[in-house]
Amino acid sequence: MSVPVGGAISWTLHGFGNNTGAPLTSLSIVDMPGVGLNLASGNLPAFHNGAGVTYDIHYRVAGSSTWRTLATGVNAAIPFTFNLPQNGTIHYTEIRFDFGPVPVNFAQGNTITLNFIAGNAPNNTLINHFIVMRGNNQTPGLSPYTPIVASPPTPGPGNTLAPNANGNGFIELDNNNVSQGAWEWRESNGWAFVPNPNQSVSLGAIPQTGVQSITLVLASVINLTIIIGLGVLIKCKINKRKVGGQ
């Protein structure tokens, strides 16, 4: 799968329940999103065997080693959704869910969903890791896929890209901040450029990437040239007939 820069992507964590066959004095889940995964929110379920269990949510931001607290004493028997400030550039490096004592089979079969905004990633690959700490034992969680992030296209000469309001692409602006069109992400064929109908875009300024094909434009120009040529030819024939009739 692939996702554009600025697009939304969700990650599901599973395999973190208490599978030890005995109660645990503590259980922690630590998610570690790689570069390009900018956390926006999370959805936690009503955990299996969650009656009487509570948990806290902590996080760290890139460039700081300080753990910050988002919520404490959350009831594990009730679904919980949280949000973190996100403009598409804030990298939360770790999100930690700390549970107190948990019973046998706690959270077995449950999943946690984390929602991200995609940014530029090393090798265009989004990677997310998480670990489960059951008491003093630490094991990796299950998160097998690595989506590809599609970097935004290069704007035309002298233009810049601004995030689109709907979050699925960018608006291309000239030096006067006038929109020349929009780059939109389409899962079927990647980036597509949609020119601004109120702006006249010269042939040389039309982007050469995405599904907006220069071939189609050239074909239109060729067809127009043929039509004009036929018009001249017809006029010449008419003039010749007039000359011949004199």
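Visitor: Which residue in β9 does Leu13 stand opposite?

Guide: Leu13 faces Ile112 in β9. Keep in mind that this is a predicted model.

Visitor: What makes β2 and β9 a pair?

Guide: Pairing takes at least two bridges between two strands. Seven bridges join β2 to β9 (residues 111-118), so the two count as paired. They run antiparallel.

Visitor: Why are β2 and β7 said to stand at the edges?

Guide: The open sheet has four strands in the order β2-β9-β4-β7, with antiparallel pairing. β2 (8-14) and β7 (80-83) each have a single partner strand, so one side of each lacks a neighbour in the sheet. On average, neighbouring strands here are turned by 25° against each other, direction ignored.

Visitor: What makes a residue part of a nonpolar core?

Guide: Such a residue is buried, is of a nonpolar kind such as Phe, and is joined to others through side-chain atoms within 4.5 Å. The largest nonpolar core here has 40 residues, and Phe47, Phe97 and Phe99 have the most contacts inside it. Among the strands that each supply at least two of its residues are β2, β4 and β9.

Visitor: Which residues is Phe99 in contact with, leaving aside neighbours within four places in sequence?

Guide: Phe99 is in contact with residues including Phe47, Leu27, Ile29, Val53 and Phe106.

Definitions and conventions
Residues are numbered from 1 along each chain as its sequence is written. This is a predicted model: local features need pLDDT of at least 70, side-chain atom pairs count only at pLDDT 80 or more; totals for chains, interfaces and linings use all residues. Side-chain values use heavy atoms; hydrogens and water are left out. Axes are lines fitted to C-alpha atoms, for helices over the stretch in contact, and angles run from 0 to 180 degrees between N-to-C directions. Buried means under 20% relative accessible area, exposed over 50%, partly exposed in between (1.4 Å probe, protein chains only). Contact means heavy atoms within 4.5 Å.
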